Amino acid sequence: MVVEGSVLLAVLGLVMMWAGAVLLSSPVVLLAGVSLAYMAARVAGLVMSRRAMARESRALSGETAAALRRVEEGLARRGE
Amino acid sequence: MTSDPMDVVAAEALLRRFEVEAAQPASVDAAWLRGWVRELRRLDAFAAGLVAGRGPSPGLGEVGLSAFGLILGIWDFGGISGAIGLGLGWVGLFLGLGAWVRAVRDAQAALALQHRVHRAATLLDALSQARP
């Protein structure tokens with residue numbers, strides 16, 4: 001949801017850049033469009049990066065738990 | 001072994017201690033293995049919690065500055081104070097973005113800690129299997 005919203009804002013920023021440069025010849029609107037597009041793209045990137053980290057974290061937790069379980073099973077097999 | 005409340009410094013110190021102890025094969029016995037299984041589980045849960053946590057997010061200052069700037073900009077659109085307001089609004093938005101960037105950096109540091117815990121667990125497994 002946040003990613004889709006950010007993409008929409010980035011598109012709006014691009015439209016503002018185009019309007020500022022072509023239709024209105026306004027450097028203020030052009031700059032506002034540039035910063036809006038930059039911020040929206042950055043937010044989308046951050047959200048996707050956090051999702052990727054959460055996936056990696058879950059995978060790591062699973063592998064760590066499996067390794068620790070093997071240690072416990074080894075101890076149980078030896079009766080320790 | 002400790003049961004102190006966990007923080008990043010304590011977690012790293014615990015991992016260093018594990019690495020030192022694991023380098024001395026004489027210390028590997030059943031009680032040692034069981035103790036570190038418990039500690040590494042705790043460390044993994046701590047690091048995973050940090051990765052999943054929200055971390056810093058835009059605060060009242062950033063949101064307030066953005067809202068104030070936007071209201072001022074709309075109220076006097078085309079005027080000097082409106083232009084200043086819109087400028088302040090953008091500054092607030094950029095500061096808010098900075099808070100999100102910090103949250104991602106914190107999560108990256110926590111993920112690196114989780115990688116170290118995973119390596120420690122793998123080493124513990126190898127030490128357990130290599131016991132005579």
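How many residues of chain B are in contact with chain A? In this predicted model, 29 residues of chain B meet 23 residues of chain A. On the side of chain B that touches chain A, the elements giving two or more residues are helix 2 and helix 4 of chain B. Helix 4 of chain B gives the most, with 19 residues. Sorted by class, this side of chain B holds 18 nonpolar, seven polar and four charged residues.

In soluble globular proteins, nonpolar side chains tend to be buried together. The largest nonpolar core here has 23 residues, and those touching the most other members are B:Leu40, B:Leu43, B:Ala47, B:Val117, B:Ala121 and B:Leu124. Two or more residues come from each of helix 2 (27–78) of chain A and, in chain B, helix 1 (8–22), helix 2 (30–52) and helix 4 (80–129). Helix 2 of chain B gives the most to this core, with ten residues. A closer look at B:Ala121 shows contacts with A:Thr64, A:Ala67, A:Leu68 and B:Leu40, once neighbours within four places in sequence are left aside.

Among the buried residues of helix 2 of chain A are A:Gly33, A:Leu36, A:Ala40, A:Val43 and A:Arg50. A:Thr64, A:Ala67 and A:Leu68, the chain A contacts of B:Ala121, are buried too. Just after this helix, A:Gly79 adopts a positive phi of about 70 degrees.

Methods:
Residues numbered from 1 in each chain as written. Chains lettered and ligands numbered in written order. Predicted model: local features only at pLDDT ≥ 70, side-chain atom pairs only at ≥ 80, totals over all residues. Core = buried A, V, L, I, M, F, W, Y, C linked by C-beta atoms within 7 Å. Buried ≥ 20, exposed ≤ 12 C-beta atoms within 10 Å, placed from the backbone. Helix = DSSP H or I, 4+ residues; strand = E, 2+ residues; numbered from the N terminus. Contact = placed C-beta atoms within 7 Å. Nonpolar A, V, L, I, M, F, W, Y, C, P; charged D, E, K, R; others polar.
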